[in-house]
Each structure stands twice: as structure tokens, then as C-alpha cells.
Amino acid sequence: MKKARIIGTGSYLPEKVLTNFDLEKMVDTTNDWISARTGIEERRIAAESEMTSDLAVIAAQRAMDMAGVTADEIDLVIVGTITGDFPWPSTACLVQDKLGAKNAAAWDVSAACSGFVYALTSATQYLQAGSAKRALVIGAEILSRIIDWEDRNTCILFGDGAGAVILEAQDGDNGILSTHLHSDGSYWELLYQPGFGAKHPATVSGIEERLPFLHMAGNEVYKMAVRSLYDVAVEALEANNMTTDDVKLLFPHQANRRILDAVKKRLKLRDDQMYINVDMCGNTSGASIPIALDEANRKGLLNEGDILVFDAFGGGFTWGACLLRW
Ligand code: COA
């Protein structure tokens with residue numbers, strides 16, 4: 001069976017930086033509180049003129065340039081996002097058009113912060129089955145548009161950005177070795193956007209009730225995130241008869257520093273085995289893993305043959321891991 005191998009990575013962060021000190025002027029918070037509770041120092045905010053598909057296209061183009069792949073060589077465009085340009089059509093279709101990927105099927109995956117791992121898993125199945133040769137997989141989010149900027153519990157956590165990979169079906173030992181996806185919809189109310197959808201169609205009173213904004217029960221999410229990120233990473237290692245000693249780098253969903261430190265401790269990973277950039281990006285939901293991957297790749301941290309793990313958790317709840325040989 002062919003393997004799905006990542007042959008190019010790209011990312012894009014909007015120019016505007018929002019620091020904790022900026023947030024001090026917006027809500028009742030302090031840099032010290034945010035830094036101590038989340039490890040976040042700053043995050044990027046998309047310009048008014050930028051849409052999620054714009055961020056996605058820049059990240060995608062950078063990944064295509066690295067891979068040496070042209071738009072018409074791409075068979076699938078899959079975008080993990082919960083903040084698409086429109087409820088529908090999919091952001092993937094907009095990206096397909098903007099890139100001129102005229103031979104590609106395109107769709108979005110809605111798995112919140114697990115969006116990239118879910119999308120990557122979907123693409124991997126097509127490549128392994130021989131029904132596609134090359135896939136463009138993107139995580140792209142403009143969380144700042146669904147954040148309640150008056151709610152200090154949530155507005156300090158999130159940021160905007162996009163990351164992308166080009167996957168190619170190849171013979172050999174390198175590529176994605178296993179994927180592991182989970183969900184438990186009974187927790188949907190702990191992290192979600194109430195409006196506007198079929199349950200709460202658009203109304204003026206709905207805006208006053210702040211339905212179009214992200215709602216989160218932070219403490220409960222925290223506990224489930226630590227447990228799920230740990231469990232599914234172990235599951236991925238065991239499925240490949242590996243231990244954490246085999247891992248060069250684990251890329252967790254960049255939720256917040258305390259969650260990542262707790263997972264690192266439980267997995268008994270050394271500091272240099274977990275890639276963390278939440279301090280500079282905040283939580284970019286489905287975009288966080290491919291942004292971190294591209295950053296590490298462009299720093300020259302990844303060598304052929306390295307074992308990497310992508311480890312994600314998000315609203316739904318959804319969680320999942322991919323283990324690969326670089
Ligand atoms: N600045 C200052 N104080 C704040 C604050 C802020 N930005 N946000 C909340 N507080 C206050 C609370 O009101 C509370 O005050 P009180 O004790 O007077 O009621 C106090 O700080 C403690 O709040 P609590 O919610 O218990 O803090 P916490 O230690 O749980 O940290 C989170 C809050 C959100 C940082 C933490 O729960 C978390 O990281 N959760 C996971 C969130 C996440 O990653 N979600 C996405 C997953 S994909």
C-alpha cells in the first residue's frame with residue numbers, strides 16, 4: 001500500500017499582533033494573568049479585508065512552492081475550519097477556485113481544533129486507497145470574528161492563522177503510518193458557537209444574547225483536553241509498537257501552555273520533544289498544528305526518517321492523532 005507523505009508545508013499569520021498588554025485595555029485582565037494561566041503572550045488578528053480563504057491560499061501556495069507542485073496536480077483540497085468565509089459553500093471550494101486547482105474535489109471538515117488532524121486523516125485514506133495522488137490539506141481559522149471581545153474568559157485565548165501541507169502518495173517507508181480519530185458529542189455544549197444555525201436561526205435578539213460568539217466552559221474543557229491528548233498519543237505509539245523515546249517531535253494542538261505542559265509530563269516527553277508556539281500565536285484552532293509544523297520545518301528541525309506525532313483535541317468533542325515518518 002502507498003503511504004501519504006508530506007512533501008511541502010506552508011503557513012501564514014496575519015500581520016496585526018495583539019499583545020496581552022493590548023487586551024488589558026479591552027477587558028478586565030492583566031498580562032500576568034494571561035501569561036501565567038495560558039502561556040500566551042500575543043496572537044495575530046486578521047485584517048478586515050482578509051477572509052479565511054485568503055489566509056488558506058497563502059499558506060497553500062507556500063506549501064505548493066516547497067513541494068514543487070502546481071495547482072492542476074492537486075486532486076483533493078480539504079480544509080479544516082470552523083470559521084469559514086460563509087456557512088456554505090465550503091471554504092475549500094473558494095480555495096480551489098483561488099488557486100485554480102481545476103482537477104480537485106474540495107470540501108471542509110468541521111472538527112473544531114481537531115480539524116487539521118481530521119482533514120489529514122481523510123486525505124490519507126484517499127491516497128492510500130489509490131483514489132487520489134496529491135492532496136492539499138489546510139487548517140485555517142479567523143477565530144477573532146466569532147470571539148466575544150467583551151468576555152475575558154475566552155477572548156484572551158484565540159488567534160488567527162493558516163497552515164497547509166501537500167500530501168503525495170508514495171512507495172517506501174516514509175509518510176503517515178497511522179491515524180486515530182475519536183469523538184464524544186455528549187460534550188457539545190462545553191465548547192461551541194450557539195448561533196446562527198438551524199437551532200438558533202438569525203434574529204436581532206440572538207445577537208443581543210451573544211449567540212454568534214464562541215461559548216466555553218474552560219475548566220471542564222481543560223481536564224478533557226489533557227486526558228484526550230494523552231490517551232490518543234499513547235494509542236498512536238502503541239499501534240506502531242513505539243514509545244516516546246522513538247518520537248523526534250510531537251506537535252500538539254496549541255490550546256494553552258498549561259495543557260501542553262501537563263500532557264508533556266504525563267507522556268514523559270523531554271522539553272525538546274514537544275513543539276510549542278502558543279506563546280506567539282494563541283489558540284488558532286484547526287490551524288495550530290500545521291502552523292507549528294511549518295515553523296519547525298522551516299527552522300530545519302525535521303530530518304528524513306524522524307518520527308512525528310500530531311495530537312489534537314477540540315470542540316465536539318473531537319480528538320485524534322497521526323503518527324508519521326518524515
Ligand atoms: N483575566 C483575569 N481574570 C480572569 C480572566 C482573565 N482573562 N478570565 C477569567 N478570570 C478569572 C475568573 O473570572 C475567575 O475569577 P473568580 O475566581 O473571581 O470567579 C478566576 O479568574 C479563575 O477562573 P478559572 O476559569 O477557574 O481559571 P482557570 O485557571 O481555569 O483558567 C482558562 C481559565 C480558560 C485559562 C483554563 O480553564 C483553560 O485553559 N481551559 C481550557 C481552554 C482551552 O484551551 N480551550 C480550547 C480547547 S481546544
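1. The term salt bridge is used here for a side-chain nitrogen of Lys or Arg within 4 Å of a carboxyl oxygen of Asp or Glu. Side chains of opposite charge can pair when their charged atoms come close.

2. A word on what you are looking at: this is a predicted model, in which local features need pLDDT of at least 70 and side-chain atom pairs count only at pLDDT 80 or more, while totals for chains, interfaces and linings use all residues. Residues are numbered from 1 along each chain as its sequence is written, and side-chain values use heavy atoms, with hydrogens and water left out.

3. How is the chain divided? The domain assignment gives domain 1 (3–172) and domain 2 (177–325); such bounds come from an automatic or database domain assignment. The C-alpha centres of domain 1 and domain 2 lie 14 Å apart. Domain 1 brings 49 residues to the contact and domain 2 brings 45, where contact means heavy atoms within 4.5 Å.

4. Next, the area of this interface. About 3700 Å² is buried between domain 1 and domain 2, and carbon and sulfur atoms give 63% of that area. Buried area is the accessible area (1.4 Å probe) that two parts lose on being put together, summed over both. Have a look at Cys 113, Val 117 and Tyr 118: they supply 16% of the area that domain 1 buries against domain 2, more than any other three residues.

5. Across the interface of domain 1 and domain 2 the rule finds 3 salt bridges. Between domain 1 and domain 2 there are also 20 residue pairs in polar contact, both residues being at pLDDT 80 or more. A polar contact is a pair of N or O atoms within 3.5 Å; within protein, one must be able to donate a hydrogen and the other to accept it, and residues adjacent in sequence count only if both atoms are side-chain atoms.

6. Which element gives the largest share of the side of domain 1 that touches domain 2? That is α5, with 7 residues. Helices (H or I, at least four residues) and strands (E, at least two) are DSSP runs, numbered from the N terminus.

7. Now for the ligand, which 21 residues surround; the closest are Thr 29, Arg 37, Arg 152, Asn 219 and Asn 256. Here a residue is near a molecule or strand if one of its heavy atoms lies within 4 Å of it. Thr 29 has a polar side-chain atom 2.6 Å from a nitrogen atom of the ligand. For Asn 219, a polar side-chain atom lies 2.8 Å from an oxygen atom of the ligand.

8. Arg 152 also forms a salt bridge with Asp 28, the closest N and O atoms being 3.6 Å apart. Since Arg 152 lies in helix α6 and Asp 28 in the loop between α1 (20–24) and α2, the pair ties together parts that are 124 residues apart in sequence.

9. Finally, some backbone details to find on screen. A cis peptide bond joins Gly 195 and Phe 196, with omega about -5 degrees, and Phe 196 sits in the loop between β9 (191–192) and α7 (204–208). Another cis peptide bond joins Gly 316 and Phe 317, with omega about -10 degrees. Phe 317 belongs to the loop between β12 (307–314) and β13 (318–325).
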